[in-house]
Structure formats: C-alpha cells, structure tokens
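Q: I'd like to learn how to read a model like this one, feature by feature. Can you take me through it?

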Amino acid sequence: MSETRTATGPGKTADSSGMDEFGYAQTLDRSIGKFASFAAGVSYISILTGVFQLFYFGFSTAGPAYAWSWPIVFVGQLMVALCFAELAGRYPVAGSVYNWAKRLSSGTPSWLAGWLLLISSIMALGSVALALQITLPQLWSGFQFIGDGSGPYDFAINGVVLATGMIVVSTLINAFGVKLMTKINSIGVFVELIAAVLLVAALFWHVNNGPEVLLDTRGFGEGKPMGFFGVFLIAAMASGYVMYGFDTASSLGEETKDPKKTAPKAIIRAVTASFLLGGLLLFGGILAAPDLNDPKLGSPDGGLQHIVLSVLGGPFGKAFLVCIVVAVVVCTLAVHAAAIRMMFAMARDNNLPFSRQLSKVDPVRKTPTVAAIVIGVLAIIPLLVNITQPAIFTILSSISIVLIYLSYLLVTAPMLRRRFQKRWPLKDDGTEVGFSLGKWGLPVNILAVLWGGAMTLNLVWPRQEIYNSVPPFEWYFQWGGVMFVVGVIVIGTLLYRLKLRHQTGVLAEHAAAAEAPEVPADAADGTGAAEAGDLALQPCPVHHRHHRRAPALSGAGTARCPYEPQGN
C-alpha cells in the first residue's frame with residue numbers, strides 16, 4: 001500500500017479539492033479538518049453505542065465465545081475499508097458509495113447502491129437513537145417516562161419517546177450547519193475515546209475470570225444441525241451490526257480540507273481504532289463479569305452496562321454510562337449527516353423525486369437544510385411501528401444492515417471486475433491520487449467481495465432467532481427480512497428505470513462550468529473549428545450527469561466525455 005501524488009491538471013488547486021474535477025460546483029462548506037474527518041467515521045461506527053447495545057444479543061446467542069466474532073468481522077471489513085480508501089483518494093465526493101458506484105458500473109446498479117444506503121441510513125438513524133432506552137433508564141429511573149419498564153409496552157414506547165427526541169435534536173444540529181455538527185461530533189468522539197480507554201483499563205483491573213472462559217461455548221448449539229458454528233454465525237451479527245459506516249469520512253469529502261489525502265487515512269484509522277477499543281471492551285467485559293451465569297448479561301436491559309455497574313459500581317459506573325449516552329448522541333449525528341449527504345448527492349443528479357428541493361443548499365449555512373429535515377421526519381416514522389410491533393421493527397433494523405452490506409458490494413464487485421479487465425486503477429488523467437493499494441489491490445478486493453457476499457447471506461438468512469424470536473411466531477416474520485430486501489430492490493429498480501433515468505443529469509445550480517475539451521479542426525460540421533457556443537451542456541452517458549462536451553464528430557456518434565480517463 002502506498003500514497004502517491006500525480007501532477008494536478010491545469011486550473012486545479014494544490015490539493016485537487018476543486019469540485020469542477022467531478023463536474024459539480026462547490027456549494028457546501030469546506031471546513032472539516034483531519035480530526036473531524038476521523039471523528040465522523042469513528043462516531044458512525046461508535047463502539048460504545050454498538051458494543052453496549054448488542055452485547056446482550058451476542059452473549060445470549062453464543063455465550064462468552066461470541067467475542068471472537070469481533071476480530072473476524074474486523075478483518076473482513078478492513079478489506080472493504082481499504083478498497084474504499086483507494087476510492088476516497090480519487091473521489092472524495094458527497095454520497096461516496098453512490099458516486100463511486102457511478103464511476104465503476106452502469107446506471108441501474110450505481111443508482112441502487114445509493115438507494116439501498118439511503119434507505120438503510122434512515123432506518124439505522126432510528127435504531128441508533130433507540131439505544132438511549134438501554135442506557136438512560138439504568139442511569140436514572142426518571143428517564144423511564146412510560147410506566148416503570150415492566151409493562152408489556154413500557155420499554156418499547158419509552159424507547160420511541162427518547163429516540164424521537166434525539167432525532168429532533170440531531171435534525172436541528174445538522175440543519176444548522178456542518179461546523180456545529182462536526183464541533184459537537186469531535187468533542188463527543190474525544191470523550192468516547194478517552195472513556196473507552198479508561199473503561200478498558202478499569203475492566204482489566206477488575207478481572208474475575210481466567211482467559212479460558214473466552215473459549216466457553218456454554219452448551220450453545222448442542223443438538224442443532226450446525227452445532228456451535230451455527231449459533232456463532234448468528235452471534236456474529238452483533239459485531240457485523242457495529243463495524244460499518246467508515247465511508248462517512250469520504251461522504252463528507254466535499255466539506256473536508258485536502259480530502260484526497262485526509263479521507264483515506266480517516267477511513268482506515270476509524271475502522272482500526274474501533275476494532276482495537278471495541279475488542280478490548282468485549283474481552284475485558286467478559287473477563288471482569290462477576291457472574292457469567294447472571295441472566296442479566298443476556299437481557300436487553302442489562303448486558304455490558306450491567307457488568308460495568310456491577311464491577312465499578314456507584315458514581316464511577318454511572319459516569320461511564322454518561323459517556324455511553326454521549327456516544328449514542330454523536331453516533332446519531334453522524335448517521336444523520338451521512339444520510340443527508342447521500343440524499344443531497346442523488347438529488348443534485350436529479351436522481352430522486354423532488355430533487356430540486358432536496359438538493360437545496362442554505363446560502364448562509366452552506367448545508368442541505370431541506371434534506372436534513374426530510375431525513376429526520378422519515379427516520380421517526382418507522383419508530384412508530386416499534387410501539388405495538390417491536391418484532392417488525394427488529395426486522396427492519398436488521399435488514400437495514402443487510403442493505404448497507406449490499407450497497408458496499410455494489411462498489412467492491414464492479415471495482416474487482418475493473419481490476420480483472422485491467423481498467424483499475426484508472427490511467428493517469430492529470431488528477432491527484434491520495435491513496436493506492438498498489439500490487440495488494442487485487443487480493444484485497446477479492447477478499448472484500450467474498451466477505452461482503454458471505455456476510456450479506458449470513459445477515460439476510462431467515463432464521464427464527466433473528467426475525468421471529470418472540471411470539472407470535474408467524475412465517476411472514478421469519479421471511480420478512482428477505483421480503484423486505486427484495487421489495488426495496490424491486491421498488492427502487494422500477495422507480496429508477498421507469499422514471500428517474502430519463503431525467504438524470506446534474507441540476508443547473510450544481511453543475512460546474514467545466515473546461516471544454518480540445519476540438520479538432522473538422523469537428524461539428526467537418527469543415528472548420530467549432531465555435532465556443534457549440535460546446536453545449538449535454539447529458540453524459542458515462543457518468544449519468546451533464547458536462548460541457550464537444551458536439552459529436554461527423555459519423556462518429558456521441559462525443560467522448562472529457563471526465564472519462566483515457567483508455568477506458
């Protein structure tokens with residue numbers, strides 16, 4: 001792996017941050033620094049949110065040995081992150097996964113990459129905000145506004161109340177501007193990282209169990225067709241549900257200083273830091289647990305929070321729970337911010353209904369305010385399902401992760417195809433490259449695709465333990481995940497092919513005034529040089545947007561897109 005720098009083309013800035021390189025005008029506020037970019041990726045992954053929210057699920061499914069799923073998931077996701085870092089070193093653009101897929105594949109698959117990630121981000125926003133219900137009532141009973149938590153719907157309804165309030169706050173902060181969001185996010189991530197380090201030290205200081213317990217299967221999987229391996233695959237979802245979202249650093253690339261160098265490093269550092277601290281928390285928590293037979297460890301209202309309170313007790317335990325709340329808050333902000341950039345990126349390409357409104361950028365705050373509000377409203381709607389049908393919301397939340405893995409595959413798979421076709425990395429087109437995998441690119445990309453396919457299959461598999469774990473046991477609950485994924489893909493495909501693809505193209509207010517390519521003397525009419533006025537803004541079949549392109553040469557068909565690298 002290496003970082004390389006190529007000569008910048010004429011008119012480009014020193015860090016190649018000009019958006020005209022990608023056919024867009026710079027409309028967002030470029031103010032994010034290196035730590036804020038790193039913090040965006042860390043806060044989306046949010047180890048304190050994910051590890052604490054899902055510990056009970058992994059532990060109740062496969063016992064202490066479930067913790068080994070964490071390093072396995074990390075290795076697989078690192079392969080994906082390295083591919084993304086290479087793309088971020090070339091295309092640090094809002095809605096990164098969508099824009100990357102747009103350059104690697106054809107219209108429908110690339111649009112689906114953005115569509116799937118947008119839907120999943122909206123669902124994930126509600127799921128993350130619901131994590132407050134696991135921590136806040138343990139911090140102070142007064143946060144249980146509905147009943148005492150023992151009623152059949154107390155837990156679910158109260159979670160919706162807390163989550164809705166969190167989403168409203170996140171909407172206001174994100175709508176105000178990226179400077180406020182990243183400032184709060186950076187402070188929150190700093191607190192989260194410090195708290196994680198101190199908590200790891202405290203847990204290992206209070207070790208109560210020997211290392212052999214980390215291999216204890218506790219009888220899980222006995223009598224089942226695949227034995228412990230089968231339940232381990234299910235428990236691995238607890239880790240798979242956490243370690244994603246590292247592409248956020250690149251999705252904020254249009255608002256990042258020197259993005260081609262900053263975003264790739266932020267992606268790799270975010271996933272690595274999250275692995276190290278999250279893994280130490282998992283292993284440290286299991287080793288420090290006073291009683292591994294305590295049923296609270298496998299309960300939604302207990303889990304790792306219960307271990308922390310039991311081990312540290314009193315004010316120290318409460319202080320760490322406060323840090324977990326901070327992590328949930330900044331994770332909500334980051335998920336919301338990423339969803340906004342995806343909606344904005346697709347809308348400015350006229351690739352969503354009401355694109356002109358959704359792509360509006362506030363002239364003062366330089367942020368997509370309308371998209372921020374719409375995302376917030378859409379995220380609250382599914383939460384209402386959780387009030388009376390938490391099983392359905394569990395299905396939706398689980399499948400939102402499947403959609404993310406699928407959208408990642410729609411980037412890594414066409415990238416691998418280009419490698420086999422000797423069309424990646426792209427030939428030098430005069431732009432800077434901030435990160436390159438070099439000779440390691442092909443094996444890393446192969447592993448990324450294999451991992452993404454295997455994990456997607458594991459996540460969507462219609463297991464009763466995931467999609468129909470509580471009564472009533474109905475077939476449509478168990479198969480709800482598969483039906484939801486198929487439904488989202490079919491609806492999205494029809495929406496794009498029947499309506500959106502006919503209007504695709506960068507909206508005029510977002511299009512860059514790109515320099516026209518040099519036109520041969522016999523261009524246009526075959527007799528002389530083309531006039532400047534002939535270089536009209538035309539739809540580009542390569543990038544599915546509008547560029548200023550020379551008219552077609554006589555008898556040669558459509559003119560070549562000036563943004564398509566030579567040789568492709």
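Predicted model: local features only at pLDDT ≥ 70, side-chain atom pairs only at ≥ 80, totals over all residues.

Q: How many helices and strands does the chain have?

A: Begin with the secondary structure. Here the chain has 22 helices and two strands.

Q: What percentage of the residues is buried, and what does the surface come to?

A: Of the 568 residues in the chain, 59% are buried. The accessible surface is about 22000 Å², and carbon and sulfur atoms account for 67% of that area.

Q: Which share of the contacts joins residues at least 24 apart?

A: Take the contacts between residues at least 6 apart in sequence: 79% of these join residues at least 24 apart.

Q: Which residues have the most contacts inside the largest nonpolar core?

A: The general idea is that in soluble globular proteins, nonpolar side chains tend to be buried together. In this chain the largest nonpolar core has 160 residues, and Phe 84, Leu 87, Val 97 and Phe 246 have the most contacts inside it. Helix α14 (residues 314-348) gives this core its largest share, 19 residues. There is also a second, separate core of nine residues, with Ile 32, Val 178, Met 181 and Ala 337 among them.

Q: What does Phe 84 touch?

A: Leaving out residues up to four places away in sequence, Phe 84 touches Val 97, Trp 100, Phe 246, Asp 247, Ile 267, Tyr 408, Val 411 and Thr 412. Some of those names come back with the aromatic rings.

Q: How is a pair of aromatic rings described, and how many aromatic pairs does the structure hold?

A: A pair of aromatic rings is described by the distance of the centres and the angle of the planes. This structure holds 15 aromatic pairs. Take Phe 35 and Phe 38: their ring centres are 5.9 Å apart and their planes meet at 50°, so the pair is tilted.

Q: What about the rings of Phe 84 and Phe 246?

A: That pair is tilted too, because the planes are at 55°, with the ring centres 6.0 Å apart. Phe 84 belongs to helix α3 (residues 69-88) and Phe 246 to the loop between α10 (237-240) and α11 (248-251), so the pair ties together parts that are 162 residues apart in sequence. Phe 84 is buried, with 0% relative accessibility, and Phe 246 is buried with a relative accessible area of 0%. Together with Trp 100 and Tyr 408, Phe 84 and Phe 246 form one aromatic cluster.

Q: Which residues other than glycine have a positive phi?

A: Most residues other than glycine have a negative phi. Among the exceptions here is Asn 350, with a positive phi of about 60°. Asn 350 lies in the loop between α14 and α15 (355-358) and is buried, at a relative accessible area of 17%. Another is Lys 366, whose phi is near 55°. Lys 366 is in the loop between α15 and α16 (369-383) and is partly exposed at 39%.

Q: Where does Ser 310 lie, and what does its side chain reach?

A: Ser 310 lies in helix α13 (residues 303-312), and its side chain reaches the backbone oxygen of His 306 at 2.7 Å. Ser 310 is partly exposed, with a relative accessible area of 38%. From C-alpha to C-alpha, Ser 310 and Pro 290 are 7.4 Å apart in space, and they are 20 residues apart in sequence.

Q: Is Gln 305 buried or exposed, and what is Gln 305 in contact with?

A: Gln 305, also in helix α13, is buried at 1% relative accessibility. Setting aside neighbours within four places in sequence, Gln 305 is in contact with Phe 52, Ile 134, Thr 135, Gln 138, Leu 321 and Ile 324.

Note on methods:
Residues numbered from 1 in each chain as written. Heavy atoms only, no water. Phe/Tyr/Trp six-rings, centres within 6.5 Å; stacked < 30°, edge-to-face > 60°. Helix = DSSP H or I, 4+ residues; strand = E, 2+ residues; numbered from the N terminus. Buried < 20%, exposed > 50% of the residue type's maximum accessible area, 1.4 Å probe, protein only. Contact = heavy atoms within 4.5 Å. Areas by Shrake-Rupley, 256 points an atom, 1.4 Å probe, with all protein chains shown as cover. Core = buried A, V, L, I, M, F, W, Y, C linked by side-chain atoms within 4.5 Å. Polar contact = N/O pair within 3.5 Å; in protein donor to acceptor, adjacent residues only side chain to side chain.
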